[in-house]
Amino acid sequence: MTSPADDVVCVVGLGFVGLELAVAFDEAGKGVVGYDIDTQKVNKLADGTDPIDEVGDHRVATSDVHYTDDPTSIGDADYVLITVPTPVDDLGTPDLDAVESASRTVGRNLNPDTTVVLESTVYPGVTRTVMVPTIEAAGDLTAGEEFEVAYSPERLSPGIGGRTLEAVTKVVGAGSDSVRDDVASLYEEVVDAGVYRAPDVETAEASKVIENVQRDINIALINELAMACDHMDLETEEVLDAAGTKWNFHDEYEPGLVGGHCIPVDPLYLAHRSEKSGFSPKLIHQGREINEHVPRHVTRRLVRALNESGRVLQDSEILVLGTSYKANVSDVTSSETKALVEEIRSYDIDVTCFDPHTDTGTERTHLDVDVAAEFDPAGYDGVLVATAHDEFADVELATLADQLASEPILLDLPGIYDGDVASSQGFVYDKL
């Protein structure tokens with residue numbers, strides 16, 4: 001079964017995943033409806049502006065996507081792709097409110113012979129036990145008879161070149177081979193890397209969460225190594241460089257803050273589902289605990305550096321560079337900088353943040369901290385680099401040292417500067 005060229009695709013949820021899908025299917029010649037409940041976002045997209053600065057204004061402006069906040073437009077589609085957020089609550093429990101809300105909206109407006117594909121990251125079973133019953137209860141159609149269902153997890157990685165929609169293999173699972181192959185054919189029109197056909201929906205769901213569980217645990221190992229090296233007076237980078245000379249040592253991981261929508265969240269989804277089945281995955285929980293401890297470890301290093309420079313903590317002011325969760329992206333809401341700022345302020349150290357990519361209003365609301373509208377390091381006692389934006393790597397250390405107070409601190413979490421050069425410019429330099 002193949003996807004006819006005149007099929008209409010409706011994307012429900014126009015975040016960075018949904019918007020990329022909508023534009024990509026439009027560029028592939030599909031009729032595309034982009035639906036979102038955020039009227040302001042829809043209006044910006046309709047005017048040719050990318051409100052999240054991921055796809056780009058040009059692609060949005062030159063597309064023929066029908067952006068709308070009218071849910072009845074869902075009824076025009078042959079395929080409905082749900083791409084809504086799946087966070088956790090304050091207790092680390094999966095929050096499926098957005099999936100349920102989107103499913104109700106789809107159910108109320110769905111026409112027969114439509115295929116609904118969930119792309120949101122979920123634990124195994126959500127598609128069948130949450131999405132499908134919610135769609136059925138909201139409308140009068142039955143899954144497997146009057147509409148079909150599949151799951152295909154998003155795999156985009158904002159800010160990383162070569163990890164675009166078309167360049168990363170798509171995974172598709174469905175209740176039957178024919179539905180799976182039909183959905184796979186749809187995605188093959190926009191994914192050059194190909195589509196992996198999973199044996200069922202639950203396997204596809206599990207494959208997504210385990211991807212980020214693996215990364216979380218590997219990063220946790222390196223973060224714990226960094227903490228151990230700190231106590232042993234060893235340089236973590238030098239230890240990793242030496243270990244990396246062996247052919248089977250994985251050298252792609254570095255210590256640092258672990259934020260984002262996926263890595264800090266997906267392990268909790270898998271653990272939640274596993275525990276409902278009677279097994280508590282200890283390593284997954286321990287990896288999360290280690291990575292959540294990093295802001296406290298960083299603050300300890302900062303306090304030590306300030307003490308070494310002879311400063312009084314209560315009189316010190318630090319400029320934090322970078323509030324988004326990863327380099328060269330603008331999302332601050334899922335960043336660990338919030339936890340880091342709270343830890344630093346617990347020592348009565350004043351903190352100001354600057355990020356050239358993020359919205360200052362969102363920063364002030366989310367971080368509850370002073371935010372600089374432009375880069376002006378004059379007078380600060382030191383700089384803490386939290387995010388490796390390209391703009392920060394271009395800063396001249398000699399100029400930066402002249403602008404800061406005497407014997408300034410430079411705590412370089414992502415390691416974007418040469419420590420020897422920094423020390424030669426008078427910095428008290430440190431990194432994880």
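In this predicted model, strand 9 (residues 317–321) and strand 10 run parallel and are joined by 5 bridges. Strand 10 spans residues 350–354, and 2 bridges join strand 10 to strand 11 (residues 370–371), again in a parallel arrangement.

**Strand 9 to strand 10**
- Ile318 has Val351 of strand 10 as its bridge partner.
- Between the two strands the chain passes through helix 11 (residues 337–345), and this β-α-β crossover from strand 9 to strand 10 is right-handed.

**Strand 10 to strand 11**
- Thr352 has Asp370 of strand 11 as its bridge partner.
- Helix 12 (residues 360–367) forms a right-handed β-α-β unit together with strand 10 and strand 11.

**Burial of strand 10**
- Strand 10 is mostly covered, since 4 of its 5 residues are buried.
- In a regular strand, side chains alternate between the two faces of the sheet.

**Cysteines**
- How many disulfides does the structure hold? The structure holds 0 disulfides.
- A disulfide would be a covalent bond between the sulfur atoms of two cysteines.
- Cys353 has a relative accessibility of 0% and therefore counts as buried, the cut-off being under 20% relative accessible area.
- Cys262 has a relative accessible area of 19% and is therefore also buried, as this value falls under 20%.

Note on methods
Residues numbered from 1 in each chain as written. Predicted model: local features only at pLDDT ≥ 70, side-chain atom pairs only at ≥ 80, totals over all residues. Heavy atoms only, no water. Disulfide = S-S within 2.5 Å. Buried < 20%, exposed > 50% of the residue type's maximum accessible area, 1.4 Å probe, protein only. Pairing = 2+ DSSP bridges. Right-handed = clockwise from strand over helix to strand, strands pointing away.
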